[in-house]
Amino acid sequence: MSVPDTMPRYGAPAPGLMPMVRGCRPHLLAAAAFSGLVNLLNLAPSIFMLQVYDRVVPTRGLPTLALLTLILVAALAVYAILDAVRMRLLLRASIRLERRLAPAILLRILGSPSGTPTERAQAMRDFDTVRATLTGAPVIALFDAPWAPIYILIAFLLHPWIGVLALVSALLLGGIAIASERLTEPDVLSLRGRTALAQREQDASILASDVAQALGMRDALVTRHLLERADLARRQAALSGRSGQFLAVTKFLRQLLQSLALALGAWLAVKQEISGGAIFAASLLLGRALQPVEQILGAIKPLTTARQAWRSLDAFCRRPAPGRGATTLPAPTGRIEVRGVEVKAPGTDRAILSDISFTVNPGEIVALVGPSGAGKSTLLRVLAGAMTPDAGEVRIDGASLADWNREQLGRHLGFMPQAPTLFPATVHTNIARFRSVLDGESEALDAEVVAAAQDAGSHDVILGLPHGYATMLERGEADLSAGQGQAVALARALFGRPGLVFLDEPNAHLDSEGEARLARTLQSLRDRQATVIVSTHRTGLLQTVDKVLLLRGGKIQLFDDRARVIRQQTPPPPEGIVTAGGAR
């Protein structure tokens with residue numbers, strides 16, 4: 001499977017949506033032109049009926065009837081062909097829009113530090129909304145809308161009173177549709193919010209069902225969800241009842257108005273102001289005039305939603321791209337320089353990290369220690385490039401993280417977060433960092449995956465899974481125990497023999513044997529001169545590190561060689577460290 005050639009390079013400017021959508025303009029313009037032809041051919045049945053009653057019936061001209069029938073069949077055949085071509089053009093526009101826009105949006109969603117997780121998650125849904133609107137029924141309604149006045153004008157040409165009836169009918173049905181939209185919109189928004197909340201609560205209960213059962217909460221949760229569903233059902237019934245009333249009135253008026261058009265035509269024919277054929281043509285013209293009105297009114301809601309999605313997505317696409325165009329640098333040797341890094345809690349001025357500065361030389365192993373909430377996980381995320389600091393910078397081999405090509409650096413970097421963060425895929429694919437998607441499956445890739453698992457001491461753990469490396473994690477790490485999840489995450493961090501390794505509490509769920517394996521893993525990393533920073537609360541790993549960095553309150557309290565730190569802190573051990581006996 002190859003990467004789409006439309007995927008923008010890192011550092012491409014953020015032009016917004018319009019330049020990319022312009023690539024679909026030829027398809028949309030052609031679809032609009034075909035819509036004009038389709039609407040012209042929509043008049044064929046009315047003209048046919050008018051000619052039959054005015055020419056064929058009075059003269060009993062069967063040859064004329066045969067010719068008119070052939071013309072009608074040809075017109076309707078062309079109508080069907082043009083309508084199919086119009087749909088095909090819109091489908092091509094949809095595919096083209098997907099190829100041009102989806103890569104750029106996904107790059108920003110998965111690679112840009114700007115925007116909250118909620119905004120990034122919403123961006124792709126906004127794109128799907130915009131694409132469905134630009135290439136679906138709503139845009140067809142927009143193409144057909146200009147023909148409603150044309151049909152009404154033709155009705156005026158047939159007779160002024162027929163034109164007046166068509167105009168009044170369009171305004172009346174339009175007014176009812178707008179009134180329905182205005183009156184039901186608050187209820188729709190409220191119901192949508194309540195439905196989303198109920199769904200989130202139900203999903204949370206499903207994920208925590210084992211805890212709920214253990215704590216005797218099952219019946220209470222079932223009752224709670226049943227009450228929520230009953231409330232939603234009542235709200236949906238009330239909304240459906242109100243909408244149904246408007247729908248019934250609309251259907252009644254549509255049938256009545258078309259019948260009134262027939263009656264008006266008959267009255268005018270009796271007065272000999274129009275021909276007999278115009279009686280039925282008047283009813284058909286009224287229906288044709290109301291059809292675009294009903295289409296555009298039915299498209300108001302999706303068009304409004306699409307307009308909001310367009311604005312949100314356009315603003316998202318104008319944000320900085322995942323990174324500037326970067327020159328490919330040599331593989332990092334492992335020197336890390338942290339200069340004045342500060343990180344604040346989102347939306348506040350509270351500092352999680354404050355004035356963090358230190359240097360780690362290639363091949364060194366540093367233990368990051370401190371009490372819970374000291375900022376250890378945040379610091380590791382900043383070092384790995386998973387988080388952008390509010391101030392300061394991190395340099396790898398003298399180059400700022402912002403100057404590195406993130407994909408290139410990622411191949412030389414291993415990061416194990418505190419939560420394993422595994423993806424819905426096989427264990428093999430997770431460890432391989434989805435490399436098979438780009439390069440395909442191969443024996444060489446299998447060998448790399450197994451080597452990473454062996455380096456991490458995870459090989460036997462993975463073989464113990466139901467299908468070994470082929471075990472599918474449908475819910476990510478939720479399908480594994482805590483220890484198994486950490487084993488897979490550690491193997492992923494060591495995939496490709498990275499020279500920079502950041503491990504966040506890798507021994508949190510390990511027994512003494514597992515911790516011994518982890519110590520051997522750290523020793524093997526030292527042997528191949530990898531630079532490692534590992535956070536821990538246990539003293540066991542301190543025997544294998546070169547330096548200790550103590551964080552407290554988001555600030556560095558101590559950074560020195562392990563031997564000196566141990567002498568200074570005995571007794572007691574550094575704050576945040578758990579001794580072998582379990583005392584902190």
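This is a predicted model: local features need pLDDT of at least 70, side-chain atom pairs count only at pLDDT 80 or more; totals for chains, interfaces and linings use all residues.
## The four-stranded sheet

The strands of an open sheet follow the order β2-β1-β4-β5 and pair in the antiparallel sense, with β2 (351-360) and β5 (399-400) at the edges, each pairing on one side only. Six bridges connect β1 (residues 336-344) with β2, and within this pairing Ile336 has Val360 as its bridge partner. Helix α13 (residues 376-384) lies across β1, β2 and β4 (391-396), and runs at about 55° to β2.

## A buried aspartate without a salt bridge

Asp126, which belongs to helix α5 (residues 117-134), is buried yet takes part in no salt bridge, the nearest side chain of opposite charge being that of Arg125, 6.6 Å away.

## Salt bridges across the chain

The structure contains 20 salt bridges, among them one between the side chains of Arg86 and Asp144, with an N to O distance of 3.4 Å. Because Arg86 lies in helix α4 (residues 62-111) and Asp144 in helix α6 (residues 137-144), this pair ties together parts that are 58 residues apart in sequence. Arg86 is buried at a relative accessible area of 5%, and Asp144 is buried at 6%.

Asp455 forms a salt bridge with Arg497, their closest N and O atoms lying 3.8 Å apart; here Asp455 is partly exposed at 27% relative accessibility, whereas Arg497 is exposed at 52%. A network of salt bridges links Arg335, Glu337, Arg339, Glu393 and Arg395.

How values were computed. Residues are numbered from 1 along each chain as its sequence is written. Side-chain values use heavy atoms; hydrogens and water are left out. Two strands pair if DSSP finds at least two bridges between them. Helices (H or I, at least four residues) and strands (E, at least two) are DSSP runs, numbered from the N terminus. Contact means heavy atoms within 4.5 Å. Axes are lines fitted to C-alpha atoms, for helices over the stretch in contact, and angles run from 0 to 180 degrees between N-to-C directions. Buried means under 20% relative accessible area, exposed over 50%, partly exposed in between (1.4 Å probe, protein chains only). Lys and Arg count as positive and Asp and Glu as negative; His and the chain ends are not counted. A salt bridge is a side-chain nitrogen of Lys or Arg within 4 Å of a carboxyl oxygen of Asp or Glu.
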